[in-house]
Amino acid sequence: MTYHAKSDFLRVMMERGYLADCTDYQGLDEALVKGVVPAYIGYDATAASLHVGHLLNIMMLRWLQKTGHKPITLMGGGTTKVGDPSFRADERPLLTPEKIGENIGGMKKVFAQYLTYGDGANDAMMLDNAEWLDNLNYLEFLRDIGRHFSVNRMLSFESVKSRLDREQSLSFLEFNYMILQAYDFLELNRRYGCVLQMGGSDQWGNIVNGIDLTRRVLDNQIFGLTSPLLTTSDGRKMGKSAGGAIWLNGDMLSAYDFWQFWRNTTDADVGRFLKLYTELPVEECDRLGALQGAEINAAKVRLANEVTTLLHGADAAAAAEATARAVFEQGGVGGELEVVTLPATTLAEGLSVVRFLVDAGLVTSGKEAKRLVAESGLRFNNDVVDDPNLTVTPDMLRDDLKVSIGKKKHRLVRLS
């Protein structure tokens, strides 16, 4: 639909491409104009770090705060014990409370880079739904909350229906997840005056459930807003790469590798990603995204610098760019390359190049290593390795050995 927003926040969401759908455009717009709107996004603690797939909605919370409203980052200390079944083929592995707490600690580091927390009117809040979920009385919860949910309606939601249509098991534990998420919205509204939940478009059913429950129990008007589920122009899910997840914590993925991920953006995605993941003006994003040929590479460097600066700081972005230039343009080593260490005893009698690559964690299998050599995709100190029978000896690692896997993955390997 075409809606002309009056509020700064809703206008930014529309202009920059963050908005997929909203439960009530006019009602939310009026609330945003009237005063400070507390809004939340929930994050289950299934890993020790957030990844690039979370970055779009973190930017939504950042824009919410920049336009004068109050972001709430809700950590799923309670719901992680159940696991969100949305659009999954199987049940998530259950984590211990200790592991959940450890994961939440890792995730908190990222939010501090994007949001200002404190006690001010539009300072961000960090909450944990274990606060109200851990001590629920089951019978009271069934009586007071469960009676508002129709099983017929729950079965009609796409996230559940897709599992059942494929005849894949959906446990009763997972089936409860949507009730718990709806209850989160109710409690956030009751305790903190939260009137907006945001999330990816796959969360639409869960968000609508929370709005409906809050209306039934508290008779309060609240809103939902979803973002599109992003894929790259070549059809891949945003944030996935051949090397695995693009983590946001620096101890799980170096600032250089994070920068390199954005530098490797395909031409067709540059303008869109500049709007979503940076704070450059929309007109500048459009100008950079429209560049052609060699000029689009300068736009990709700008994208990588802007996104890396927000997460890791300007110094880390500048160091990553300098390293990339040394590695790619000058054939050098670069000071920010990730270092891989191997015990000296491992190489005492030499290793086949295939075994060396696997032991150093540079490839996942011997088959991949052999293919890499066969296709001339492996280089040691910028020299192509084309002999599958090469033996890697300690002498070759007397100084750090720069190992290049294809054109984009570079590591320094040293003996410990």
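A helix crossing is called left-handed if the near helix is turned anticlockwise from the far one by less than a right angle, and right-handed if clockwise. That term is needed at the last stop of this tour, which runs through a predicted model.

Start with the sheet. Select the six strands: they form an open sheet in the order E1-E6-E5-E2-E3-E4, with mixed pairing. Strand E1 (21-22) and strand E4 (125-128) are at the edges with a single partner strand each, so one side of each has no neighbour in the sheet.

Next, select residues 38-43 and 196-200. These are strands E2 and E5, which pair in the parallel sense over two bridges. Within this pair, look at alanine 39, whose bridge partner in E5 is leucine 196.

Residues 25-34 are helix H2, in contact with E1, E5 and strand E6 (223-227); the directions of H2 and E6 make an angle of about 105°. Residues 177-192 are helix H10, which touches E2, strand E3 (70-75), E4, E5 and E6, and its direction is at about 145° to that of E2.

Last, select helix H12 (residues 255-263) and helix H15 (residues 295-312). Their axes come within 8 Å and cross at roughly 140°; H12 and H15 are therefore oblique to each other. Which hand does the crossing of H12 and H15 have? The crossing is right-handed.

Show side chains here. On the H12 side, the contact residues are Ala255, Phe258, Trp259, Trp262 and Arg263. Those they meet in H15 include Lys300, Val301, Ala304, Thr308 and Leu311. Coloured by type, the residues of the contact of H12 with H15 come out as nine nonpolar, four polar and two charged.

Terms used. Residues numbered from 1 in each chain as written. Predicted model: local features only at pLDDT ≥ 70, side-chain atom pairs only at ≥ 80, totals over all residues. Heavy atoms only, no water. Pairing = 2+ DSSP bridges. Helix = DSSP H or I, 4+ residues; strand = E, 2+ residues; numbered from the N terminus. Contact = heavy atoms within 4.5 Å. Axes fitted to C-alpha atoms, helices over the stretch in contact; angles between N-to-C directions. Parallel < 35°, antiparallel > 145°, perpendicular 65-115°, else oblique. Nonpolar A, V, L, I, M, F, W, Y, C, P; charged D, E, K, R; others polar.
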